[in-house]
Amino acid sequence: MADPFYENLMRLAIEEAKLAPQHGDVPVGAVLMTADGEVVARDHNRRQELNDPTAHAELLVMSSAARRLGNWRLSDHTLVVTLEPCVMCAGAAVNARLGGIVYGAPDPKAGAAWSLYNVPQDKRLNHRCELVAGVLADECAALLTEFFGDRRD
C-alpha cells in the first residue's frame, strides 16, 4: 500500500522536476526533509543550466541543506527524488549519512539504489540508508518518457 506521506513529498519533487526542461535539463526533482517531515531543501537537475556535471537534484538539495544547517551530516534527513539515484548521488547520500532515500522511477541504466548497484545499503561501507522505491513511479517515469520522446521527434 502506498504511503500518502511519501506520495505528498514526491509530488513536491515532481513539481521541481517539471522545472528542469525549461533550461534543457532532464526532469529529475528532489526534496530533502527532516525526521519531523519538514522540507528543508528542494531543487531539480541543473547540469545544463550551470554547466556542472555534479548539478544533480539530489546533490543540490543535500548541499543546500548542509550549508543552511552548518553541518554536512544529514543523518536525520530523508531524500525524496523522482528517479533512482546514480552512483554519484547514492555515494553522496552515504557520505552525508542520510537516514533514508525514497525514489519514484527505477533507473535500469544508471540506478545505484537497487537497479544496477545498491550503494546506500552496501554493508562494506561505513553507513547505510533505508530505501523506499517506486513511490508514484509511473508519474515520475512519464516525465522522463515525455522529455526524451520530445527530443527524438
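Colleague: Is Phe147 buried or exposed?
Modeller: This is a predicted model, so the value is computed from predicted coordinates. Buried means under 20% relative accessible area. Phe147 has 6%, so Phe147 is buried.

Colleague: Which kind of aromatic pair do Phe147 and Phe148 form?
Modeller: Phe148 is partly exposed, at 33% relative accessibility. The ring centres of Phe147 and Phe148 lie 5.0 Å apart, with the planes at 85 degrees. Planes over 60 degrees apart count as edge-to-face. So the pair of Phe147 and Phe148 is edge-to-face.

Colleague: What is the angle between the planes of Phe5 and Tyr6?
Modeller: The whole structure holds 3 aromatic pairs. Phe5 and Tyr6 form one of them, with 5.8 Å centre to centre. Phe5 is partly exposed, at 38% relative accessible area. The Phe5 and Tyr6 pair is tilted, and the angle between its planes is 50 degrees.

Colleague: Where does Leu136 lie?
Modeller: Leu136 has a positive phi of about 50 degrees, although it is not a glycine. Leu136 is buried, with a relative accessible area of 14%. Its place is the loop between strand S5 (130-133) and helix H5 (137-152).

Colleague: Is Asn51 buried or exposed?
Modeller: Asn51 sits in the loop between helix H2 (47-50) and helix H3 (57-69). Its phi is positive, near 50 degrees. Exposed means over 50% relative accessible area. Asn51 has 67%, so Asn51 is exposed.

Colleague: Which strand holds Thr82?
Modeller: Thr82 is buried, with a relative accessible area of 1%. Thr82 touches residues including Met10, Pro27 and Cys140. Its strand, residues 77-83, is S3.

Methods:
Residues are numbered from 1 along each chain as its sequence is written. This is a predicted model: local features need pLDDT of at least 70, side-chain atom pairs count only at pLDDT 80 or more; totals for chains, interfaces and linings use all residues. Side-chain values use heavy atoms; hydrogens and water are left out. Helices (H or I, at least four residues) and strands (E, at least two) are DSSP runs, numbered from the N terminus. Buried means under 20% relative accessible area, exposed over 50%, partly exposed in between (1.4 Å probe, protein chains only). Contact means heavy atoms within 4.5 Å. Rings of Phe, Tyr and Trp (its six-membered ring) pair if their centres lie within 6.5 Å; planes under 30 degrees apart count as stacked, over 60 as edge-to-face and the rest as tilted. Lists of a residue's contacts leave out its neighbours within four places in sequence.
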